[in-house]
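Here is a short briefing on one protein chain. Please look over the sequence and the 3D structure first.

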Amino acid sequence: MMSEEKAKEDMLLWMDVETTGLDPDHDRILEVEMRCTDMRGVRCVGGFAASSD
């Protein structure tokens, strides 16, 4: 069985940010989502999503 420390080395954190544009002075973040996967892209744990609604 793999130790928790070793398992964390083989994980990726994906982050997606939806915005109204690319100018930080005029545009804003609409939504942020994060997911943790293994190196093959298989989800390891639950994700996180937040919107500005």
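The points below cover the fold, the strand pairing, the cysteines and a surface patch.

This is a predicted model, in which local features need pLDDT of at least 70, side-chain atom pairs count only at pLDDT 80 or more, and totals for chains, interfaces and linings use all residues. Residues are numbered from 1 along each chain as its sequence is written, and side-chain values use heavy atoms, with hydrogens and water left out.

**Fold**
- Helices (H or I, at least four residues) and strands (E, at least two) are DSSP runs, numbered from the N terminus.
- Their order along the sequence is α-β-β-β.
- Of the contacts in the chain with a separation of 6 or more, 18% join residues 24 or more positions apart. A contact means heavy atoms within 4.5 Å.

**Strand pairing**
- Strand β1 (residues 11-19) runs antiparallel to β2, and nine bridges join them. Strands pair if DSSP finds at least two bridges between them.
- Trp14 sits opposite Arg35 of β2.
- β2 also pairs with β3, again antiparallel, over four bridges.
- Val32 has Ala50 in β3 as its bridge partner.

**Surface and burial**
- The accessible surface of the chain is about 4700 Å², and carbon and sulfur atoms hold 56% of that. Areas come from the Shrake-Rupley method with a 1.4 Å probe; for residues, only the protein chains shown count as cover.
- Of the 53 residues, 8% count as buried. Buried means under 20% relative accessible area, exposed over 50%, and partly exposed in between (1.4 Å probe, protein chains only).

**Cysteines**
- The disulfide count is zero. The criterion is a pair of cysteine sulfur atoms within 2.5 Å.
- The sulfur of Cys36 has its closest cysteine sulfur in Cys44, 4.8 Å away, so the two are too far apart for a bond.
- Cys36 counts as buried because its relative accessibility is 14%.
- Cys44 counts as partly exposed because its value is 36%.

**Nonpolar patch**
- Leu12, Trp14 and Met39 form a nonpolar surface patch with about 320 Å² of accessible area together. Patch residues have over 30% relative accessible area and no salt bridge; like charges are joined within 9 Å, nonpolar side chains (Val, Leu, Ile, Met, Phe, Trp, Tyr) within 5 Å. A salt bridge is a side-chain nitrogen of Lys or Arg within 4 Å of a carboxyl oxygen of Asp or Glu.
- Met39 lies in the loop between β2 (29-38) and β3 (48-51).
- Met39 counts as exposed because its relative accessible area is 54%.
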